[in-house]
Amino acid sequence: MPFPTHRPRRLRASDSLRRLVRETRLNPAQFILPLFVCPGQGVKREIGAMPGNYQMSIDNLVGECAEVQSLGIGGVILFGLPESKDELASGAYADDGIVQQAIRAVRQETHDLLIMTDVCNCEYTSHGHCGFVKDGEVDNDTTLQWLAKTALSHARAGADIVAPSDMMDGRVGAIREALDANGFERTSILAYAAKFASVFYGPFREAADSTPQFGDRRSYQMDPANGREAMKEIALDLEEGADMIMV
């Protein structure tokens, strides 16, 4: 029945009523803190484009993660800055890579903290692109091999969730296959399912030292004008085995 029988304002009449029927509630346990780990000892460099955030060496990162756990924050996602870069992004999937070392150190000190890792290559390639460059273009299928090896190395080090952010076609399936084949069926995948080519990533590129040295990422990151294409990307990642998706 219409007004006056239905009066939605009845449930907005007081603070206690509004709290009772509130549909969305935010809690520290629902948030993930991005952290940027770099080589060295005692390093804590503020990121110019992200005031109050730092590139940290593993010793400082471990202390930060202990505080994160004490505050009841949901977990951390780790981004790595390697000692050196090359055309094959070898630091991304090396067993002694910076993120792999950080995972082990954090896991040893904070056993129950949820650890998520960014799985990409742009921080590790000398050219700053997210995969293997062939004839000036990022080769999709070769890059899948790097991503699968990286995700597997993170899982072996103790990551709970791997989060591919590269936007290669088929990456979720390749990662899921590699994880399952090596006994990591319980490791979750959070897919950056619809990642748009945007200047809004500028601060993160500074934080992770991952700016492309030539061209841009528009051949693999999405056109911001395409909503239907975003829904297709999401559906494909879920079909390939993503446990969670990020837009």
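## Overall architecture

The protein has 8 helices and 10 strands, and the model described here is a predicted one. Along its principal axes, the C-alpha trace spans about 70 × 40 × 40 Å, and 43% of the 247 residues count as buried. When contacts between residues at least 6 apart in sequence are considered, 71% of them join residues that are at least 24 apart.

## Packing of helices H4 and H5

Two packed helices are described by the angle between their axes and the distance between the axes. For helix H4, which covers residues 98-109, and helix H5, which covers residues 140-157, the axes come within 8 Å and cross at roughly 20 degrees. Because angles under 35 degrees count as roughly parallel, H4 is described as roughly parallel to H5. The crossing of H4 and H5 is right-handed.

On the H4 side, the contact is made by Val 99, Gln 100, Ile 103 and Arg 104, while H5 contributes Ser 153, His 154 and Ala 157. Sorted by class, the contact of H4 with H5 has 3 nonpolar, 3 polar and 1 charged residues.

## Nonpolar cores

The largest nonpolar core has 25 residues, and of these Leu 61 and Leu 78 touch the most other members. Two or more residues of this core are given by each of strand S1 (32-37), helix H2 (58-70), strand S4 (75-80), helix H3 (90-93), H4 and H5. The largest share of the core, 6 residues, comes from H4.

Leaving out residues up to four places away in sequence, Leu 61 touches Leu 35, Val 37, Met 56, Leu 78, Ala 102 and Val 106.

Trp 146 is found in helix H5, the helix whose axis comes within 8 Å of that of H4. Trp 146 has a relative accessibility of 6% and therefore counts as buried, since the cut-off for that class is under 20%.

With neighbours within four places in sequence set aside, Trp 146 is in contact with Glu 87, Leu 88, Ala 89 and Tyr 93, and also with Asn 121, Thr 125, Gly 131 and Phe 132.

Key. Residues numbered from 1 in each chain as written. Predicted model: local features only at pLDDT ≥ 70, side-chain atom pairs only at ≥ 80, totals over all residues. Heavy atoms only, no water. Axes fitted to C-alpha atoms, helices over the stretch in contact; angles between N-to-C directions. Helix = DSSP H or I, 4+ residues; strand = E, 2+ residues; numbered from the N terminus. Parallel < 35°, antiparallel > 145°, perpendicular 65-115°, else oblique. Left-handed = near helix turned anticlockwise from the far one by under 90°. Contact = heavy atoms within 4.5 Å. Nonpolar A, V, L, I, M, F, W, Y, C, P; charged D, E, K, R; others polar. Core = buried A, V, L, I, M, F, W, Y, C linked by side-chain atoms within 4.5 Å. Buried < 20%, exposed > 50% of the residue type's maximum accessible area, 1.4 Å probe, protein only.
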